[in-house]
Amino acid sequence: MKIIIVGGGKVGYTLAQQLSTEDHNITIVDNDDDVLAHADETIDAMCIKGNGASVEILKTASINEADILIAVTDSDELNMICCVIGKKLGAKHTVARVRNTDYSNEYKMLREELELDMVINPEMEASAEIAQMIQFPSATDVETFANNLIEMVEFRVLSTDPIVNIKLMDLNKNLPSNVLFCTVMRNEEVFIPKGSFTFHPDDIIGVIGERNSISRFFKFLGRNSHKAKKVIIIGGSRTSIYLTWILQEMDLSVKIIEINKERCLLLNDILTETLIIHGDGTDQEVLDNENIESTDCIVALTDRDEENLISSLYAHQCGVPKVILKINRQSYFPIVKKLGLDSIISPKFITANNILRFVRALNNSQGIAVEKLYKILDNKAEVAEFTAKHSPMLTDIKLQDLNLKKDALIAAIVRNKNIIIPNGNDVIKEHDKVIVVTKTGFITDLNEILA
Amino acid sequence: MNIKIVLKVLGIVLFWESVLMIPSLIISIFDSSYEIQAFVVTIIATAALGLLLTRIKTNGNEMRIKEGYAAVSLSWIAMSIMGSLPFFISGCIPSYIDALFETVSGFTTTGASIVLNIESMPRGLLFWRSFTHWIGGMGVLVFTMALIPSLGGRPVFLMRAESPGPSPGKLVPKIGDSSKILYIIYTAMTAITIIALIIAGMPIFDSFIHAFGTAGTGGFSMKALSIGAYNSPAIEWIITVAMFLFGVNFSLYFAFFKNSWKSVFKNEEFRLYCTYVVIGVIIIIINVLPNFNYDFSEALRHTAFTVSTLVTTTGYATTDFNMWPMFSKSVLLTLMFFGACAGSTGGGVKSIRVLVLFKSIYYEIRHTIHPRSVHRIKVDGKSLNDDVLKSIMIFLLTYVVIVIFSVIIVSLDNFDFLTTFSAVIANINNIGPGFELVGPMGNYAGFSNLSKFTLITNMIIGRLEIIPIIILFSPEIWKRN
């Protein structure tokens, strides 16, 4: 695919490097000579100097032939304008990084009115990932679909779990919340479970649903015994704000320690319910005062890697069960892991990874009717997103009356931003977004799920 | 420097060189001439050496700038050493240094020859001799990159080291695709030249030979009288135009076909190139009219051909311009320095550098008059970054230094000054013929081995634009890291 990346900072560079090795044609646009020189020497990509929101520069980059335009400069506004102009000039898909909290509630508007295909907010993505780490400590992997509305959590079945050796059709009646079992990985083989399937210990199961439903499901499994209730966040960055919002929605108690007085006041304006503490997060006395030993989880999110490391090490030493820290410099990762801290968050890395995932999903779906195609479970299964078109064989028919293929499963339906985890009585309507889980290489069109 | 990566690149280049020798072998077999054995031995030896070197494991190390530059210059040296074997083994050129001179002259598209009796050379060797022009014109590493894009890590350095011009750019994001596009344009233009020459009445084999010489801006002919031997104005005009076109930056052809033909005529380098060609033709024609008995059309034809051949550093001849007045010769000598555009197959200092030089002089004068004026040199409306500017100036200075030292060494042979000086200029600019003894009807056979070796070095330095070769003499590069 032809991809134009505007902004050659850390995210842009990581993306360009990765995508060029995946055989895409990359063009990097940036204003800085040094950035371009470095990119030109190390990446097989075209480098253009200039303002990415200028029509002339975008035309030089052959925007009319571009499959994806990714705007990841430091400025939100520039990114948005760049994508709007790019779309008008013929780019097929646009991705913008928008990180300012002021815009965080306007993503729907941005996506619809500015026709952005993906709006990515590094701090928000990072906070979502941290929330997942706190919420599903036993999950082996968490994937999100349909613009982060739906999650799929993979976990290993234990012999003590109440779902073992029960037929799936009986199990479904007893579930506390609306989740769906989508995939089972047993001895390196992937199954799409249907009514008569029973789970064994050591299977790796994927369940799909909304975040809260999955959370309730885990509670039902009894996996939440060591789930965090009290969280201390060190550093009042944007990530902290997003994280606090998510955690409070999950009914956790959150404290934020921030060193800058003015920032504390600002935090207090935004997070009126949260306890904000003015103090130095690396100061052990401050931490002790806040009862660090009885805290379930510490998240170190200051802007300085070294401070995060010191706070985390102290928390780890005090026996805090879950310690999560933000590290920007990738070269620190091995050192930090060696110290016993393995929950590391790097917002830029996450951003790059999520955009990569989006690009790959688009690339996988080229030439077929799928909108996005995600490969999961070591590429052994696929999650495909379709928009349903009118079809007498499929739409407005109860799912239990549809004759589906054996290895296909309708995992979720998104109708007007509402999630439906379908049971037999639901129907697919025209314009619904349908999420289908299948084994790899199975379907290329929604109608193909019918036997 | 990581020598393993360099050797691996060398292996790939040698392997492809052996493949590229096969057409010449086929012609020899067709003629059942005496050089078949020489070709067979060379092809097997080169291919074996190449395959052996490609088996080297690089342990995943990446190519960096010094490996890239060293790989290019060593490839050119290795290629020349192997490429000279057919001439030497067959006995056609009995002295090895002469065979090497002829081959380096071929690959660097110089066209300077030491062969005294060219018309008796068998066709297989003639074909190889001219084919080296075609290979060397666009560059053998660019060729290998078009075929195997993943030449280890960061191939952009290979392209930079081999392509002429201060900052060769890519046409499209992928370097492999860029190389392919360059070779497609190059091959298509060569094919058109061949067809035009055949239509104009040149024998088919001769058309190939001269089209290769024209495309690579080399200048090896199979006739002692060069193009003049055909005595055909049509052929002379075709080659005049073709040489001029091969001296244009190839990225302009890409821009031309892609959409923006207007931008081609706005390109400052191209405009300067056209300007000095036209001015050169006009002032020489006034000066040489008496030599042609005031026959304007003949004077125009010969002048246009000579200006085109020298400015693009090809080196064909239709007439012995050594007989022209001194003023014309001085103008021609200046044009030899200027050379063709960057990103073309031509040699010389390159139009873009001349452009930047002139602009620097202009702004320096202005700066002296208005000491507080601020100005950055711009080309095509874009500011030149200081590093590029500095590298152009260093290039020009180093170039002058190398010319001076080479003239001193060659002058040991005690020829007249114009012969000595123009020999060095003709070789470092990859032109071929100079003036007096080395004029278009002359030859390099009379030089001593030391001078020949100096000129060989000059040719490679000129073709690879100094830095990649100079880098080999830095002891640091040979240290293991």
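On the surface, a patch of negative charge is formed by Asp32(A), Asp34(A), Asp386(B) and Asp387(B), where a patch takes in residues with over 30% relative accessible area and no salt bridge, like charges being joined within 9 Å. A salt bridge here is a side-chain nitrogen of Lys or Arg within 4 Å of a carboxyl oxygen of Asp or Glu. This is a predicted model, in which local features need pLDDT of at least 70 and side-chain atom pairs count only at pLDDT 80 or more, while totals for chains, interfaces and linings use all residues. Residues are numbered from 1 along each chain as its sequence is written, chains are lettered from A in the order in which they are written, and side-chain values use heavy atoms, with hydrogens and water left out.

Chain A has 14 helices and 22 strands, taken as DSSP runs of at least four residues (H or I) and at least two (E) respectively. Of its 451 residues, 54% count as buried, and its C-alpha trace spans about 60 × 60 × 40 Å along the principal axes.

In chain B, Thr313(B), although not a glycine, has a positive phi of about 60°; it sits in the loop between α16 (296–311) and α17 (326–338) and is buried, at 0% relative accessibility. Asn414(B), also not a glycine, has a positive phi of about 65°, but this residue, in the loop between α19 (386–410) and α20 (417–428), is exposed at 67%.

How values were computed:
Patches are made of residues with over 30% relative accessible area and no salt bridge: like charges are joined within 9 Å, nonpolar side chains (Val, Leu, Ile, Met, Phe, Trp, Tyr) within 5 Å. Accessible areas come from the Shrake-Rupley method with a 1.4 Å probe; for residues, only the protein chains shown count as cover. Lys and Arg count as positive and Asp and Glu as negative; His and the chain ends are not counted. The place of a charge is taken as NZ of Lys, CZ of Arg, CG of Asp or CD of Glu. Buried means under 20% relative accessible area, exposed over 50%, partly exposed in between (1.4 Å probe, protein chains only).
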